[in-house]
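This report describes one protein structure in terms of its fold, its surface and a few selected residues. Please consult the sequence and the model together while reading.

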Amino acid sequence: SLIAGGFADAWSALFPHRPGLTWGHDAYLADPSVGFQWRIDLVLFTRHAFIPKGMETVDNGLRSLAPPFWPSDHAGVSASFELR
């Protein structure tokens with residue numbers, strides 16, 4: 001795996017006790033009661049070269065009255081780093 005190869009997950013490094021869910025809306029993006037259930041979208045980095053400074057997940061809706069209510073079944077992820 002990439003983790004075994006020396007990469008680290010930015011979310012886990014910054015927020016070790018928060019789940020950071022990024023996936024799990026229903027398959028048709030049609031049920032607003034179904035939220036994210038898993039974190040499968042990662043931002044990986046090498047600890048010897050980078051220091052994670054911030055990360056967020058974004059789940060923007062489409063402002064729609066009919067399905068689909070989201071553009072994707074994944075959240076967007078964004079991370080910032082400082083060079084060592």
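Is H25 buried or exposed? H25 is buried, because its relative accessible area is 6%, where buried means under 20% relative accessible area, exposed over 50%, and partly exposed in between (1.4 Å probe, protein chains only).

The model is predicted: local features need pLDDT of at least 70, side-chain atom pairs count only at pLDDT 80 or more, and totals for chains, interfaces and linings use all residues. Residues are numbered from 1 along each chain as its sequence is written, and side-chain values use heavy atoms, with hydrogens and water left out.

**Overall architecture**

Helices (H or I, at least four residues) and strands (E, at least two) are DSSP runs, numbered from the N terminus. The radius of gyration of the protein chain is 15 Å, whereas a compact globule of 84 residues would have a value near 12 Å; this radius is taken over C-alpha atoms, and the globule rule is 2.2 Å times the number of residues to the power 0.38. The C-alpha trace spans about 45 × 25 × 20 Å along its principal axes.

Of the 84 residues in the protein chain, 25% are buried. Among contacts with a separation of 6 or more, 66% are between residues 24 or more positions apart, contact meaning heavy atoms within 4.5 Å.

**Surroundings of H25**

H25 is located in the loop between α1 (10-14) and β2 (44-46). Its side chain makes a polar contact with the side chain of D59 at 3.1 Å. A polar atom of the H25 side chain also lies 2.9 Å from the backbone oxygen of V34. A polar contact is a pair of N or O atoms within 3.5 Å; within protein, one must be able to donate a hydrogen and the other to accept it, and residues adjacent in sequence count only if both atoms are side-chain atoms. Apart from neighbours within four places in sequence, the residues in contact with H25 are V34, G35, F36, D59, W70, S72 and D73.

**K53 on strand β3**

K53 belongs to strand β3 (residues 50-58). K53 is exposed, with a relative accessible area of 51%. Neighbours within four places in sequence aside, K53 is in contact with L14, S80, F81 and E82. The C-alpha atoms of K53 and S72 are separated by 26 Å, although the two residues are 19 residues apart along the chain.

**Backbone features in the loops**

L29 is found in the loop between α1 and β2, while R63 lies in the loop between β3 and β4. The loop between β3 and β4 (76-83) also holds P68. A cis peptide bond, with omega of about 5°, joins P67 and P68.
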